[in-house]
Amino acid sequence: MIIDMSSKPLLEQFQAANEAEGVAIKELLAYMQGGGRDNQRIEALTNCMTSAHDKKMDIYAQLQSVKLDK
C-alpha cells in the first residue's frame, strides 16, 4: 500500500494498534495454554483482543481512504 506521507502519523497509529492486537492475542493464548479456566478472565482477555482488533481495523479503513495506489 502506498500512502501520502502526510498520513505518516496514521500509519504509525496503525502499527501501534497492530502491535497491541498481537500482545492481546499472545496474552489470551498464554492464559489458555497455561490451563486457564476462569471464564471471566477468558472473557476479559477475549474482549481486550477484540477491542484491539477493532481499533486496528478502524485505522486501516482510514488508511484505505488516503492510499495513493487505489
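Ala30 counts as partly exposed, because its relative accessibility is 48% (buried means under 20% relative accessible area, exposed over 50%, and partly exposed in between, with a 1.4 Å probe and protein chains only). Ala30 belongs to helix α1, where helices are DSSP runs of H or I with at least four residues, numbered from the N terminus. The model is predicted: local features need pLDDT of at least 70 and side-chain atom pairs count only at pLDDT 80 or more, while totals for chains, interfaces and linings use all residues. Residues are numbered from 1 along each chain as its sequence is written, and side-chain values use heavy atoms, with hydrogens and water left out.

**Helix α1**

- Helix α1 covers residues 8-33.
- The end C-alpha atoms of α1 are 37 Å apart, which agrees with the 38 Å that its 26 residues should span at 1.5 Å a residue (the expected span is 1.5 Å times one less than the number of residues).
- Buried residues of α1 are Leu10, Phe14, Ala17, Glu21, Ala24 and Leu28.
- An α-helix has 3.6 residues a turn, so residues three or four places apart point the same way.
- Ala30 of α1 and Asp4 are 26 residues apart along the chain, and their C-alpha atoms are separated by 38 Å.
- After α1 comes Gly35, which has a positive phi near 90°.

**Helix α2**

- Helix α2 spans residues 39-66.
- From first C-alpha to last, the 28 residues of α2 reach 41 Å, close to the 40 Å expected at 1.5 Å a residue.
- Leu45, Ala52, Lys56, Ile59 and Leu63 are buried in α2.

**How the two helices pack**

- The buried residues of α1 pack against α2, and what covers the buried residues of α2 includes α1.
- The axes of α1 and α2 come within 8 Å and cross at roughly 160°; axes are lines fitted to C-alpha atoms, for helices over the stretch in contact, and angles run from 0 to 180 degrees between N-to-C directions.
- The two helices α1 and α2 are therefore roughly antiparallel to each other (angles over 145 degrees count as roughly antiparallel, under 35 as roughly parallel, 65 to 115 as roughly perpendicular and the rest as oblique).
- The contact of α1 with α2 has 18 nonpolar, five polar and four charged residues, where Ala, Val, Leu, Ile, Met, Phe, Trp, Tyr, Cys and Pro count as nonpolar, Asp, Glu, Lys and Arg as charged, and the others, Gly among them, as polar.

**Glu21 and Lys56**

- Glu21, in α1, counts as buried because its relative accessibility is 9%.
- Not counting residues up to four places away in sequence, Glu21 touches Ala52, His53 and Lys56 (contact means heavy atoms within 4.5 Å).
- Lys56, in α2, counts as buried because its relative accessibility is 13%.
- Apart from neighbours within four places in sequence, Lys56 is in contact with Phe14, Ala17, Asn18 and Glu21.
- Lys56 and Ala16 are 40 residues apart in sequence, yet 8.5 Å apart in space from C-alpha to C-alpha.

**The segment after α2**

- Leu68 lies in the segment that follows α2 and is exposed, with a relative accessible area of 56%.
- Leu68 is in contact with Ile2, Ile3 and Asp4, leaving aside its neighbours within four places in sequence.
- Between Leu68 and Cys48, 20 residues apart along the chain, the C-alpha separation is 32 Å.
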